[in-house]
Amino acid sequence: MTATDIFKVSILGKESIHCGFHLVPYIAQTVLATLPSSTYVLITDNHVANFHLASFEAEFTSACDKLPQEGRPRFLSRVITPGETTKSREGKADIEDFLLLNKCTRDTVILALGGGVIGDLTGFVAATFMRGVRFVQIPTTLLAMVDSSVGGKTAIDTPHGKNLIGAFWQPEYIFIDAAFLETLPAREFSNGMAEVVKTAAIWNEKEFADLESHSAEIFAAIQTPSTNSAGRIKSTRSAAQELLLSVIVGSISVKAHIVTIDERETGLRNLVNFGHTIGHAIEAVLTPTILHGECVSVGMILEAELSRQMGILGQVGVGRLTRCLKAYNLPVSLSDPRIASLPAAQLLTVERLLDIMKIDKKNSGPQKKIVILSRIGETHEPKATAVADNLIAKTLSEAAKVIPGTPTKNPVHMATPGSKSISNRALVLAALAKGTCRLKNLLHSDDTQVMMTALLELKGASFAWEDGGETLVVHGGEGSLQVPPKGKEIYLGNAGTAARFLTTVCTLVAPSKTDATATVITGNARMKQRPIGPLVDALRANGSDVTYLESQGCLPLSIVPDGLKGSRIQLAASVSSQYVSSILLCAPYASEPVTLELTGGQVISQPYIDMTIAMMKTFGIVVEREVDAETGKLLDVYRIPKGVYENPAQYNIESDASSATYPLAIAAITGTSCTIANIGSESLQGDARFAKEVLEPMGCEVIQTETETTVRGPPVGQLKAIGLIDMEPMTDAFLTASVLAAVAVGAPLEDRELKDADSPTVTRIIGISNQRVKECNRIRAMIDQLAKFGVKTKELDDGLEVYGQPVTELNTGASVHCYDDHRVAMAFSVLGTVVKDTIIEEKRCVEKTWPNWWDDLENKIGLKVEGVELGSADAVASASGTTTQDASASVVIIGMRGSGKTHVGELAATALGWPFVDADTYFGEKENIGVREYVQKHGWSAFRATETEILKELLETRGSKHVLSLGGGIVETPVARDLLKAFTKKGPVVHIVREIDEIVKYLGEETARPAYGEPVTDVFRRREPWFAECCNYEFINYTGVASAVDDFLAAKAERAGADEVARFFNHVTGQQPNLAQNHAPGKRSYFLSLTYPDITPALRHIDDLTAGVDAIELRVDLLRSPKDLGQPGSYIPPAAYVTEQLSALRRSTSLPVVFTVRTVSQGGAFPDKSEKEAFDLLSLAIRLGAEYIDVEVSWPEKFIKDLSSRKGSSHIIASWHDWSGKMKWNEEIVKSKHALASRLGDIIKIVGKANSVQDNFALYDFVSKATSAPNAKPIIAINMGVEGQMSRVLNSTFSPVTHPLLPTKAAPGQLSFAQIQNALHLLGQLPARRHFLFGNPIAHSMSPTLHNTGFEVLGLPHTYELLETSDVGEEIKATLASPDFGGASVTIPYKLDVIPLLDRLSPAAEAIGAVNTIIPIAVDGDQSKRILYGDNTDWLGICESIRSRAPSLGAPRAALVIGAGGTARAAIFALHSLGTQHVYVYNRTPSKAQILVDAFPDAQVELVETLGLWPCGGPSPSVIISTVPASATSTDDTNRDAVFLPSTLFDTSIEGVVVDMAYKPAETPLLALTKRVATKWATVMGVEVLLEQGYVQFEKWTGRRCPKHVVARRVLEKYHGNV
Ligand SMILES: NC(=O)c1ccc[n+]([C@@H]2O[C@H](COP(=O)([O-])OP(=O)(O)OC[C@H]3O[C@@H](n4cnc5c(N)ncnc54)[C@H](O)[C@@H]3O)[C@@H](O)[C@H]2O)c1
Ligand SMILES: [Zn+2]
């Protein structure tokens, strides 16, 4: 056997965990020898296989070969896709199929070689394959080594969550080969370290301390590859390898121990879930981008903070844990840039996290359970602790709120965190001293941490913690220090103070007795740039041998151990006083007494030098500063005697004086008392003067001893203003002073009063200009944040003035922004103790100096603190469909005079059913004078002023449900512009855009309004930008493009104008957004992609092209303006051209438009880098009312959100395209793109490319999973390429389709709408349905032509046939009952007789009392359960005929119906629904007409006795509908058998419509008469009404718009042929 040194760990009573380096031969031999089998199957993933599979194969094969041929075992291997997605049911099935295919039996041994994914999956396969086979774990990631491989938990994921299905199944062996870690990516290593740190944190403080101090070596061990199997045996193992192995073994041992006592996870084993309760919730949101260990790392800190908040764990523990995790490159908060920069990070709301935690396996009932640390290495309970939701929420929330009140701990006694400068000095002093010192109140910071580690490594002192880390016991080494072992560097991270102090300390090291020749100190990359030159120069000049190992003047340094010479030392001290302190601290240990001379002029930070000297005195060494004998001035020369420091038994590290100002200020403001220990009059910190110099003059009682400060505030509300104060000596405390000054209403003390002040309660703080360049510009910060409370301030050059006000007058509910500045946060929390609902937005920024500030506020001062979650504005904008607009807000119309505001406005008012108000008319009525006269009389400026007043009034009094059209010059005044801009937040301000040439032409004829007095074109040019600036929508009111093309389109455009106005205004007001139908589950929707450089030639075919589809896509990136027509490659079309194209399209179809700007990398022609231009076009699209905007998720999220915030009723399609063909639908990338898109869009679009038909199944699978989630958004999922055609057939939302008439397809593999219907039919997804006409006689009916043409054009497999029966009997009943019945039309004489056979009637059918359409409706989507629904589309056909022939008619004032039968009933119903005011009915037999009057009481039908004479002198009708046969009417008054039609029927001065419901002849007497006498009137033939009602029927049966154009052509051809 190959010689291998193994360390064994026992688990569940068996030594089955074998650890070492380079174990592959050992594994092969051990497995073959102890687990005999016929088959060994190794499962691994591609990554691991690349590095390590060959050696396993080689070892196993050669070892097998040594066995007798007879019964020689097989060795098989299976390599699977890496990644969490493989850990699925499918992944499990794949391995099982492999095993079955290879005829593996119960004796098989499975080897899991890989990370946790391989281990969990393979383990679960082993647990169930043949009811369980033996298996071996060979973990290759650190996480798998220390965690997933140990304990026997195996599992797979399902879409419902991770690890939900699995088993406990113990491996026979776990082989831990630490050499595998050499190939592991560093991030994966850190990922595993999170678990290692976790285990130490709950179980073993000593191990934790090792991890804390050895991160650099541990990293080094995996970064330097071991050659020649170094480390396999102990003698070849490096120190680093030894350390790495001991860390892994240590961690495993703990887990193995816990598992052994609690295998099935009943209590104790839960402890290993420390950090995991919150960590898992975070992971659920951020996976797969952020790794498990990284989430757990943040989770550990949050859970530790939770126990700190509960008063169980001290800040020391939280701090150590934080620093330790950081040292392994792990994130420790959600604001870590690796996390915060992710789009998904915004989903990490408190509510969401708590919700996810609900389903934690540890929970019992509703209570959440969390492992609570009591100190490093110990937990609060031997199991997870139940914690209330509100506590967790408080820890998680980003903002905090102090609840005002009297501190319950009054009188408060506390110490604030230790001063950083003093902590660092005390550590060095105590370590260099003789005896033992107990350091109290030491600040736990990076500096102190590395300092201690370094001193340990230099064997300069030893340390121990007492009181759970509150006290540090230092056993001083009397200045004796040793060179660390060769190759061992002292790593200082980025701890500046430590680096400076230790450089001199290292010169004190005694000459080495070992082979180590120098001490090396180094740091991280940032540290290697920080200066140390002046100090090294001084030491070198004094004879020390110090070498720069990398760059000159910076760390790393190599320092030869030869002691410090001493005597005269010269040091340039103008850069940092830390150099001076460094030498001072070490000087007593030099060979000769030191005289330190500071050179280079200005010495900076003298107080810090004084601090060092004062502290040295406490430790027994007195430094003497030289004085100029003549002047008596202090010189920068210090004499330090030789000697040894004496440790005092205890040293209380002074509190940080700046921090102390907050609790003292709380006492002052709440009228209570507070004593801060460890800070008094002896303090060397400037801010220690705050109590005496700020609080006392404000009226507080201050008692300061040498070491303690007590403040008692005056009764609440009685603080005095300070008047003038120079805070130069305590600049950091000015923020605290400012918040107190804000509520100080007493007059300042007499000697401080300011004569020149703006207010008697002024506090003028000066001498603080340095505060502008701190964490933020603190002076501005205070001014801006105080303003939120309503506090008045004034900024000064070197300070500010604050004007005090009574607390009761301050604004409550202010939300304070902290600029990530701890002092801003703490200062405002002082104000929050008296002002209700003050929110401190970034509570975590206190971490810099007082991480447990909020907990101390609660636990030590006794004020309640609540967590607050800020509703982020971002979240609102990104949520789908939310707009700030209010659907009932009025529409405001602006634009040039002559742009068509009145015309468009009136049409809009008709469409919306809202009153139209013309501001000019309103003006005239109100001022009793016309606009023109007013201007002549009062001049333009008076007019503008009044006009603006009137605008204000209109917006106030008619701000809801009105159409307001404003004068063209309204944008001339800034006030009016501001009013308009403000209104865009509430509702639409629509700019009517018309070409200037058309305007000029139009205005030439007009005289009603005042002349401009300047050329119209100049006015136009001036106002254009203002219009653009004031509106949020633009309506294009010119026909230029269309009419330029041909007359046909011009005519069509004319008529379409009204439709377009109705569509546009209904959409932008949100009254009736023009969104696609068929987006509901179970339905299919399509859009046609227009791929022309210029779409206008296609518009004449638009009806044919769009047959069946729900929307039309304008591929803006493919447009080319005429001058660039031939331009290939990427291109940005000009906005004006895009506008023209879109509005031309608009006039041709009312289908919603999908506005797409596809970039080159996503398969389009728009340049990738031109994001701004792209978003300019997308914004334009929203302004123009495009209903769907395609936005690529690869664009900057900021842009997308901004766009989204303005989208109004339009929807965003968030799209992602992969053209490479590499994207696999089962990969994480698709999931993450889907998550991103569903956050940003209303509809998701993901497009891949199919390489085989399989890829479509994968897509289908993905979509099914994605859409089964609650509230899932609709998804467009498509594979490109011919292989992907199937996906286009199966896709259900907005399948992009082409049409045979189009020049090119928008994408390879695109199908037409009809092709897809065919394919769906063949796949059984679209069964053929039969439709019928019931009636008698019906032989000549046009309905079969109508519907069958529609079915044919759309590629639908349905049919329409005649069913002529003698009654409504068995034949009809059987038809209705047949499963393929798709619907029926009903005509005379059965419109009433069918009713008893139906299950339900529409309200219209009910009111009319007749059914002409039967629709079978599936119940809950189940075709086998359906009901028969009776409807009436006759009235809709009538409405539509009137509306489309006379769009501007709106609600007719009066209308006439001739006849009183069933059709007359439909006509009355139609007229009533159009809002007709007077409905007249004429019938030869008046008694029959009377029945109608009674039947429609709401419609207020009036009887007409003589045609041409209207009841009670009412208005003459603008709509006439005849429902009697043509033969029953005549224009001959001698015809006694017919109704005589007089020409007085028509008011020829108005426009009107005549509808004759009679089918035959084509020209009835009524229509002929109309054409003769009323030329302004439109006429509608019976067959046209038939068509209109048929379209509606068709749509009700198929869910698709009828292809009207083709259908009408065929029906009319046939009709005229027949007639
Ligand atoms: N069963 C348990 O008790 C338990 C405990 C913790 C985690 N887990 C599970 O473990 C899984 C995560 O395990 P993981 O972090 O090891 O992830 P992993 O298995 O996905 O491995 C991480 C990555 O490193 C690669 N890799 C592995 N070893 C390598 C090596 N030596 N050299 C180069 N590349 C290498 C892998 O191919 C993969 O890409 C999760 O599914 C988690 O649920 C299970
Ligand atoms: Zn874990």
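Me: In which sense do strand 3 and strand 5 pair, parallel or antiparallel?
Reply: This is a predicted model, in which local features need pLDDT of at least 70, side-chain atom pairs count only at pLDDT 80 or more, and totals for chains, interfaces and linings use all residues, while side-chain values use heavy atoms, with hydrogens and water left out. Helices (H or I, at least four residues) and strands (E, at least two) are DSSP runs, numbered from the N terminus, and two strands pair if DSSP finds at least two bridges between them. Strand 3 (residues 39-45) and strand 5 (residues 109-114) are joined over four bridges, and their pairing is parallel.

Me: Which residue in strand 5 is the bridge partner of Y40?
Reply: Residues are numbered from 1 along each chain as its sequence is written, with chains lettered from A and ligands numbered from 1 in the order in which they are written. In strand 5, the bridge partner of Y40 is V109.

Me: What angle does the direction of helix 4 make with that of strand 5?
Reply: Helix 4 packs on the sheet and touches strand 3, strand 4, strand 5 and strand 6 (134-139), where contact means heavy atoms within 4.5 Å. Axes are lines fitted to C-alpha atoms, for helices over the stretch in contact, and angles run from 0 to 180 degrees between N-to-C directions. For helix 4 and strand 5 the angle is about 165°.

Me: Why is one side of strand 1 and of strand 4 left without a neighbour in the sheet?
Reply: The sheet is open and mixed in its pairing, with seven strands in the order 1-2-9-6-5-3-4. Strand 1 (7-11) and strand 4 (74-80) lack a neighbour on one side because they stand at the edges, each with a single partner strand.

Me: What percentage of the area that ligand 1 exposes when taken alone is buried by the protein?
Reply: Polar side-chain atoms of H47 and D120 lie 2.9 Å from an oxygen atom and a nitrogen atom of ligand 1, respectively, a polar contact being a pair of N or O atoms within 3.5 Å. Taken alone, ligand 1 exposes 860 Å², with accessible areas coming from the Shrake-Rupley method with a 1.4 Å probe. Of that area, the protein buries 90%.

Me: Which element gives the largest share of the shell around ligand 1?
Reply: Ligand 1 is surrounded by 26 residues, a residue being near if one of its heavy atoms lies within 4 Å. Among the elements that give two or more residues are helix 4 (116-128) and helix 6 (186-203). The largest share, four residues, comes from helix 2.

Key:
Polar contact = N/O pair within 3.5 Å; in protein donor to acceptor, adjacent residues only side chain to side chain.
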